[in-house]
Amino acid sequence: MLNRREIGEPLTVIEIPVDPGISIEFRQEICGLTQPQMIKLAQAFLEVIKSEKDKAAQEEQ
């Protein structure tokens, strides 16, 4: 069950587009992270994804 928010409580969602049709979404009320923690984690995800895409591109050559 999703956590319920009190009326007027801000909803903090960070959505990071990765590729067309693919995105990473952090919902603060569910994951319990602060906004700076969500941003740091999203940046780490993006670095891993970029590294994997670069590795795949090199393997294709």
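Which residue forms a salt bridge with Glu-25, and how far apart are the closest N and O atoms? The model shown is predicted.

**Figure 1. Salt bridge between Glu-25 and Arg-27.** The partner of Glu-25 is Arg-27, and the closest N and O atoms of the pair are 2.8 Å apart. Glu-25 has a relative accessible area of 41% and is partly exposed. Arg-27 is also partly exposed, at 32% relative accessibility. This pair belongs to a set of 3 salt bridges found in a search of the whole structure. Side chains of opposite charge can pair when their charged atoms come close.

**Figure 2. Salt bridge between Lys-50 and Asp-54.** The closest N and O atoms of Lys-50 and Asp-54 lie 2.8 Å apart. Both residues belong to helix H2, which spans residues 35-60. Because Lys-50 and Asp-54 are 4 residues apart in this helix, about one helical turn separates them. Lys-50 counts as exposed, with a relative accessibility of 51%, where the cut-off for exposed is over 50%. Asp-54, with a relative accessible area of 35%, is partly exposed.

**Figure 3. Salt bridge between Glu-52 and Lys-55.** The two side chains meet with an N to O distance of 3.3 Å. Glu-52 and Lys-55 are 3 residues apart in helix H2, so their separation is about one helical turn. Glu-52 is partly exposed at 42% relative accessibility, and Lys-55 is partly exposed at 40%.

**Figure 4. The largest nonpolar core.** This core is made up of 7 residues: Ile-14, Ile-16, Val-18, Ile-24, Phe-26, Met-38 and Ala-42. At least two of its residues come from each of strand S1 (13-19), strand S2 (22-27) and helix H2. The greatest contribution is that of S1, which gives 3 residues.

**Figure 5. Contacts of Ala-42 within the core.** Ala-42 is one of the residues of the largest nonpolar core. With residues up to four places away in sequence left out of the count, Ala-42 touches Ile-16 and Phe-26. Ile-16 and Phe-26 are likewise members of this core.

Definitions and conventions: Residues are numbered from 1 along each chain as its sequence is written. This is a predicted model: local features need pLDDT of at least 70, side-chain atom pairs count only at pLDDT 80 or more; totals for chains, interfaces and linings use all residues. Side-chain values use heavy atoms; hydrogens and water are left out. A salt bridge is a side-chain nitrogen of Lys or Arg within 4 Å of a carboxyl oxygen of Asp or Glu. Buried means under 20% relative accessible area, exposed over 50%, partly exposed in between (1.4 Å probe, protein chains only). A nonpolar core is a set of buried Ala, Val, Leu, Ile, Met, Phe, Trp, Tyr and Cys residues joined through side-chain atoms within 4.5 Å. Contact means heavy atoms within 4.5 Å.
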